[in-house]
Amino acid sequence: MMEYSINRDRSRRKLAAFSCMMALALVLFSGQELKGSTAPEAEPNILLIWTDQQIFGMLSCEGNQFIETVNLDRLAKEGAMFQNTFTTLPSCSPTRGTIVSGLYVHNHRLYDNINPAIGMEGIKPLDGFKMTEQYLSEAGYAIGHRGKWHAGEKADWGTAFTADEDFSEKYAPRWDQLHKQAVKAQYPWDRKTRTGTGGYTMGKLDLPIRQTPSWQKAFDSGKLPTWAVVGETLIPADMLMEAGVVESVMDFIEINKEGPWMATLSLSPPHDPWNVPEPYYSEIAKPLMDKMQIIGNGDPQQQKSSLSWRVGQLVDDRGIQEYMAIYHAQVYMMDEMIGRVLDQLDALGIADNTLVIFTSDHGDMVGMHRNVGKINNNLYNRLYHVPFLVRYPNQISAGQVIDEPVMLTDVMPTFMDYAGIELERKVDGMSIRPLLENEPVEWRDYHLLEKFMNTTRNPDHSVKNMSDFYWVMGLEDGRFKYLCPRFNDNWHNKKYCPPRFIDLKNDPFEENNLFEDSDYRKLVEQYHAKLQQVLVESDFEFIDQFPEDPWSERSK
Ligand SMILES: [Ca+2]
């Protein structure tokens, strides 16, 4: 089944060379100047690397004291490290929609995780939606997505994401199928028996995983959801799904080395299930277990509605430490795998003309307030703050540390900017090129936070309109954070996320809600007005449902 991609990639390469000449001719004839300090020699290759569920602060260049991530550190050293990058919604599918479209979730409309097995396929995207891969494919780039996709495989989303039939039908969803098979081989549970509000019925344990003592004990209680598995996998490292993804992306780059190409290396760890094989288990995870510190002691009343907190209650503190240590080991293992691809760019002599971005789709609680995983409804920064490294030796200087608030909406317009492609419609993100090249730019001073909870009672879980959602919109600027929920009939009595106002400077673990504190009334009003302005400016189509004032929802 691999031949089709090889043939197709070859034909694209010819097309790419032609389009490259055309672009050069256009520049020469129009006298148009390329942006930036120096004109790039050629259209850059683009390598987008993302892990899943990796928080900012896990890399040694970001200050992690427990593991040395020498390969990703190299990207920071030879390029730029962003310290303040947020996703807009901490779930897989919505973020992936944002990365490829440059749009906020409320604009690309992939509100919740796609799960075709239970009929969740999102909402039809807005007209004129066009994703990164489509633009680049039309410009002559060879496109290779490898690894987890999770952004739709059929119906409306399949069409919206289609760069061409190969991409939609074979590249991306094919990897999702493989991923599913790999997961299924380890976790023989049946999604069709999914019950209740976010739990999974437990399948029988037949895993090639040796769970840690605390997690084995919790497992034996029969109360854990099936994803909450922490231990040592008995699958050798070179036979893991991720090793195959890395090899495949390397094959793609080798075949297309003359460029231009765009490759996505999409890796699942440190997403659950949390496990690593030897030697990572003994050499990295085990020695760290004693050293892991649980931070935060969130109010149980506020945490109750969150599955990640409930799972954390089923293990003792040692269990939380085991999970945190293995999470670190997963990041370490991913760093080694990513290093193979970076070495390949050097060996092929194409690193200088390859724009590399490394990030993650969203965070994880990593033990904060004794939470396990990401299913927490309180919109903690820990779930939104992600790593973000950029390297492009031909165009940006090395060793930069950048503090401006960047969002994953900015990935797509940045790629377009460097590839010299004009966008056909307005997107919410901004190209980070001026930040990278030290050019003057008016930049945002906040992150927009979004969260949509599907509250439909439709048997197929499909979302028909906005009133099917309980949603929360938030704004944070590093100093304060304001969360504004919009309840609906199904959910207003559940204490999901009440309105919140947090002093991030003095309360970094977000434990004290100042929303009802009269001293902060004026500030809350200001943040409410600013949030509303951001939503108006970004064409939030349900702005009429936005609460009139911060306190209007409270009385419901
Ligand atoms: Ca994810």
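In which loop is Asn438 found? Asn438 sits between helix H16 (433-436) and strand E12 (447-454). Helices (H or I, at least four residues) and strands (E, at least two) are DSSP runs, numbered from the N terminus.

Two notes before I go on. This is a predicted model, where local features need pLDDT of at least 70, side-chain atom pairs count only at pLDDT 80 or more, and totals for chains, interfaces and linings use all residues. Residues are numbered from 1 along each chain as its sequence is written.

Now the overall picture. The chain has 17 helices and 15 strands. Of its 556 residues, 49% count as buried. A residue is buried if 20 or more other C-beta atoms, placed from the backbone, lie within 10 Å of its own, exposed if 12 or fewer, and partly exposed in between.

Back to the backbone. Most residues other than glycine have a negative phi, and most peptide bonds are trans. Asn438 has a positive phi, near 55°. His369, also not a glycine, has a positive phi of about 55°. His369 lies in the loop between strand E8 (354-360) and helix H14 (381-384).

Are these residues buried or exposed? His369 is buried, with 25 other C-beta atoms within 10 Å. Asn438 counts as exposed, because it has 12 C-beta neighbours inside 10 Å.

Last, the cis peptide bonds. One joins Pro269 and Pro270, with omega about 5°. Pro270 is in the loop between strand E6 (261-266) and strand E7 (274-276). Another runs from Glu278 to Pro279, with omega near 5°. Pro279 is in the loop between E7 and helix H10 (280-288).
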